[in-house]
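Hi everyone, thanks for coming. I have one structure to walk you through today, so let me put it on the screen.

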Amino acid sequence: MILVTGASGNIGRCVVRQLVEAGERVRALVRDPSSAAFPPGVQACAGDLAEPAGLAQAFDGVERMFLFTPASGCGSVASAARAAGVRRAVLLSSAATQKADPRVNPIAARHDAAEKAVQAAGLAWTFLRPDSFAANALAWAAGIRAQSEVRGAYPQAQRNPIHEEDVAAVAVAALLGSGHEQAAYLLTGPAIITQAGQAEAIGQAIGRPVRFVELTRECALEEMAAHTPRPVAEKLLDYAAKSVHVPPLVTSAVEDVTGRPARSFARWAQDHAADFR
Ligand SMILES: NC(=O)c1ccc[n+]([C@@H]2O[C@H](COP(=O)([O-])OP(=O)(O)OC[C@H]3O[C@@H](n4cnc5c(N)ncnc54)[C@H](OP(=O)(O)O)[C@@H]3O)[C@@H](O)[C@H]2O)c1
């Protein structure tokens, strides 16, 4: 039995489906099972990662798990899992752990602490360190549906967006295969694309042009702060500003681990065209 946490999320839901397709028995942890739909055969299990004392049922009979890092951290979740007999964890971490200083970057701090907690618990571990998710572009969906426009700072910011199915495919390879223990993978899409290029690719996928409306940093910060903690929004804008001149790395880790090249952003836009129409 494999436990998937964060199972209704962008990555977790793909991990669940790919494990089922591989013939595995899967238990999916969600806070509210009535709000999540999983493929037939998946055991949905109620539990909150912020309250590890209540996870005994979720861990029962589980040897391997896909671990999402909740806002509350992974410390007591990892030790409770190990105590309940879980042996391996594939942790959804972040490229921020190797690109930023955890002392000043909250995203790096959160994932750095999660990695250390999994190691300290004595679990055999694999760390997935994706850089930007292609799915971050879903934040543009309402503006594209309503006005065919994206509003943001730094249209020439360079990205290496990774498709959620590729992060999940690496997770599944690490959960099911050998040779991934004590390995950390920096995961990216196959190529660099600018934010303006992403808007254009979405326009091509939906069959009508999408404009990128450039905002000043201050305006963009105000808009982001409506749904993102301000220190995180500031770090995301710092990162975007830097990437105008310094492109992020592109790695071959997806292909190295899964044997298949990473999907392009154009492919992601086609897969998600319905979200933007
Ligand atoms: N966005 C990026 O570019 C990027 C890049 C690298 C790494 N990351 C990392 O990837 C993660 C986000 O992954 P995602 O997009 O797949 O997540 P997501 O779509 O935001 O989904 C989060 C999932 O976690 C569950 N969850 C949240 N808190 C929980 C808790 N306390 N107990 C149980 N379940 C809980 C949610 O379940 P409910 O249904 O119960 O709400 C949901 O299924 C974050 O850790 C982020 O830092 C993101």
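This is a predicted model: local features need pLDDT of at least 70, side-chain atom pairs count only at pLDDT 80 or more; totals for chains, interfaces and linings use all residues.

**Around T69**

Where does T69 sit along the chain? You'll find T69 in the loop that runs between β4 (64–68) and α3 (75–83). And is T69 buried or exposed? The relative accessibility of T69 is 1%, and because buried means under 20%, T69 counts as buried. For a sense of distance, take A50: T69 and A50 are 19 residues apart in sequence, and their C-alpha atoms are 10.0 Å apart in space.

Now let's move to another loop residue, L49. L49 lies between β3 (43–46) and α2 (56–59). With a relative accessibility of 10%, L49 also counts as buried. Which residues does L49 touch, once those up to four places away in sequence are set aside? The list is T5, L29, L55, F68, P70, S72 and V77. If you'd like a distance here too, L49 and A89 are separated by 40 residues in sequence and by 14 Å in space, C-alpha to C-alpha.

Let's zoom out to the whole protein chain. In secondary structure we have 13 helices and eleven strands. The chain is divided into domain 1, covering 2–130, and domain 2, which is made up of 132–162, 189–248 and 263–277. At the contact, domain 1 provides nine residues and domain 2 provides eleven residues. The C-alpha centres of domain 1 and domain 2 lie 27 Å apart.

What about overall dimensions? Taken along the principal axes, the C-alpha atoms fill a box of roughly 50 × 40 × 35 Å. The radius of gyration is 19 Å, which agrees with the value near 19 Å that a compact globule of 277 residues would have.

If we take contacts with a separation of 6 or more, 73% of them are between residues 24 or more positions apart.

And finally, the surface and the charges. The protein chain exposes about 12600 Å², with carbon and sulfur atoms supplying 51% of that area. There are 27 positive and 27 negative charges, and their mean positions are 1 Å apart.

That's my tour, and I'm happy to take questions.

Notes. Residues are numbered from 1 along each chain as its sequence is written. Side-chain values use heavy atoms; hydrogens and water are left out. Helices (H or I, at least four residues) and strands (E, at least two) are DSSP runs, numbered from the N terminus. The radius of gyration is taken over C-alpha atoms; the globule rule is 2.2 Å times the number of residues to the power 0.38. Contact means heavy atoms within 4.5 Å. Accessible areas come from the Shrake-Rupley method with a 1.4 Å probe; for residues, only the protein chains shown count as cover. Lys and Arg count as positive and Asp and Glu as negative; His and the chain ends are not counted. The place of a charge is taken as NZ of Lys, CZ of Arg, CG of Asp or CD of Glu. Domain bounds come from an automatic or database domain assignment. Buried means under 20% relative accessible area, exposed over 50%, partly exposed in between (1.4 Å probe, protein chains only).
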